[in-house]
Every structure is written in structure tokens, then in C-alpha cells.
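Hello,

Here is the structure I promised to pass on to you. Please have a look at it first, and then read my notes below.

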Amino acid sequence: MSSHLSHGASGAIRRFAGWLARGSVGQPMLEGIDYWEELRESPSQMEICFAIFANVLELDEQGEPVNEKHAERRAAVWLYRYGTGHLPRVSRTSSPGNASFIDCWRTMPFGEASAV
């Protein structure tokens, strides 16, 4: 296996960076929440957001991402809580690859669940 990121993995990271910079991560969940101003003032919070995305992103045997939207959603949940102080209301879904908010929150990194 190569020691470099695949084109798909680097593309997923570039897309996430672009969405974050444009304020369009996690739409429609984050619609109307101006998280960019907050992140600009606290670069360590932006680092946490990227860490959540990267730690959730899974790659197949060829190094291609298999759950990019899920990783984005997990980062968006964190941004929502960071920007509003509370958790988003998201209904459970049963379609494959769509984790519910409850499932996302149970495995949230950095002890965030205990802060609720």
C-alpha cells in the first residue's frame, strides 16, 4: 500500500476544506449558523473540526473514502453544538450509510457528550 493519500482521500479533504471555508459544511443542518466568524477567532476549534472529519473518514483497501458524507455530518454536528451551545434535532434514518444523530453523538470525540 502506498504511503501517500489516494486521489479520492485527498479530494475528500479538499472538498471538506472548501465547504468549511465557504460556510457550507453540513447543509441544511448549519443553515443560518455563522460558524466561520467563531472559527476564525479560534484556530484550535477549526483544528478540532478537521480532526473530527479526518478521524471519522474511512478508506477502503485502495485508500478511497467510503463515508465522506458521514464524516462531514459528524463535523457539522460538532460545529452546530459549538455555534449554538446545544445539539441539533435530527430524526433517525434507516437508510444505509446515514447514521442518526444519536449514533453520531455517542461516538463524538473529545468528551463532547459528557458536556451535554
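**Salt bridges**

Glu37 forms a salt bridge with Arg40, and their closest N and O atoms are 3.3 Å apart. By salt bridge I mean a side-chain nitrogen of Lys or Arg within 4 Å of a carboxyl oxygen of Asp or Glu. Before going on, a word on the source: this is a predicted model, in which local features need pLDDT of at least 70 and side-chain atom pairs count only at pLDDT 80 or more, while totals for chains, interfaces and linings use all residues. Residues are numbered from 1 along each chain as its sequence is written, and side-chain values use heavy atoms, with hydrogens and water left out.

Back to that pair. Because Glu37 and Arg40 are 3 residues apart in helix 2, about one helical turn separates them. Helices here are DSSP runs of H or I with at least four residues, numbered from the N terminus. Glu37 is partly exposed at 38% relative accessibility, and Arg40 is partly exposed too, with a relative accessible area of 45%. For these words, buried means under 20% relative accessible area, exposed means over 50%, and partly exposed is in between (1.4 Å probe, protein chains only).

How many salt bridges does the structure hold? There are 3. Another joins Lys69 and Glu72, with 2.6 Å from N to O. Both residues lie in helix 4, 3 residues apart, or about one turn of the helix. Glu72 is buried, at a relative accessible area of 4%.

Arg15 also forms a salt bridge, with Glu68, and the closest N and O atoms are 2.8 Å apart. This pair links distant parts of the chain: Arg15 is in helix 1 and Glu68 in helix 4, 53 residues apart. Arg15 is partly exposed at 38%, whereas Glu68 is buried at 16%.

Helix 1 has 16 residues and reaches 22 Å from its first C-alpha to its last, close to the 22 Å expected at 1.5 Å a residue (the expected span is 1.5 Å times one less than the number of residues). Its buried residues include Phe16, Trp19 and Leu20. The buried residues of helix 1 pack against helix 2, helix 3 and helix 4. Just after helix 1, Gly23 takes a positive phi of about 80°.

Which residues touch the most other members of the largest nonpolar core? Of its 22 residues, they are Phe16, Leu20, Val25, Leu30 and Leu79. Such a core is a set of buried Ala, Val, Leu, Ile, Met, Phe, Trp, Tyr and Cys residues joined through side-chain atoms within 4.5 Å. Two or more residues each come from helix 1, helix 2 (35–41), helix 3 (43–56) and helix 4 (68–84). Helix 4 gives the largest share of this core, 7 residues.

Not counting residues up to four places away in sequence, Val25 touches Phe16, Trp19, Leu20, Leu30, Tyr35, Glu72, Ala76 and Leu79, where contact means heavy atoms within 4.5 Å.

Ile33 sits in the loop between helix 1 and helix 2. Leaving aside neighbours within four places in sequence, Ile33 is in contact with Tyr80 and Thr84.
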